[in-house]
Amino acid sequence: SVVLKWSAAVSSEGIREYKIYRRLSGSTTAYVQGTTTSLTFGQAKHSSNAVYYVKAVDVSGNTAKSVEV
């Protein structure tokens, strides 16, 4: 399993949710794995060559992408 934890994003509009993305190493296509309002996300099934990142979404729909891990 994999558990992701991150710090809260800062937005003058306020953060509505976080979207978690995963892509396989060597691929350019990432897929949404889930959406949460918390600062953690767990996934029971994962691939050893997967790359994850989080996008914060504010109330206006603006997004900010985290670094990939």
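Select Thr36: its relative accessible area is 15%, so it counts as buried, the cut-off being under 20%. The model on screen is a predicted one.

Now colour the strand around this residue. Thr36 belongs to strand β3, which covers residues 31-36. The side chains of Thr36 and Ser38 make a polar contact at 3.0 Å.

Next, display the residues around Thr36 that come from elsewhere in the sequence. Setting aside neighbours within four places, Thr36 is in contact with Trp6, Glu17, Tyr18 and Ile20.

Pick Glu17 from that group. Glu17 sits in strand β2, residues 15-24. Is Glu17 buried or exposed? Its relative accessible area is 17%, so Glu17 is buried. Beyond residues up to four places away in sequence, Glu17 touches Thr35, Thr36, Lys55, Ala56 and Val57.

Zoom out to the whole protein chain. The chain has six strands and zero helices. Its radius of gyration is 12 Å, close to the 11 Å that the globule rule gives for 69 residues, so the chain is as compact as a globular protein of that length. Along the principal axes, the C-alpha atoms fill a box of roughly 35 × 25 × 15 Å. Of the 69 residues, 29% are buried.

Switch to a surface view. The chain exposes about 4,500 Å², and carbon and sulfur atoms supply 49% of that area.

Last, colour by charge. There are 8 positive and 4 negative side chains, and the centres of the two sets lie 12 Å apart.

Technical notes:
Residues numbered from 1 in each chain as written. Predicted model: local features only at pLDDT ≥ 70, side-chain atom pairs only at ≥ 80, totals over all residues. Heavy atoms only, no water. Helix = DSSP H or I, 4+ residues; strand = E, 2+ residues; numbered from the N terminus. Buried < 20%, exposed > 50% of the residue type's maximum accessible area, 1.4 Å probe, protein only. Polar contact = N/O pair within 3.5 Å; in protein donor to acceptor, adjacent residues only side chain to side chain. Contact = heavy atoms within 4.5 Å. Rg over C-alpha atoms; globule rule 2.2 N^0.38 Å. Areas by Shrake-Rupley, 256 points an atom, 1.4 Å probe, with all protein chains shown as cover. Lys, Arg positive; Asp, Glu negative; His and termini not counted. Charge placed at Lys NZ, Arg CZ, Asp CG, Glu CD.
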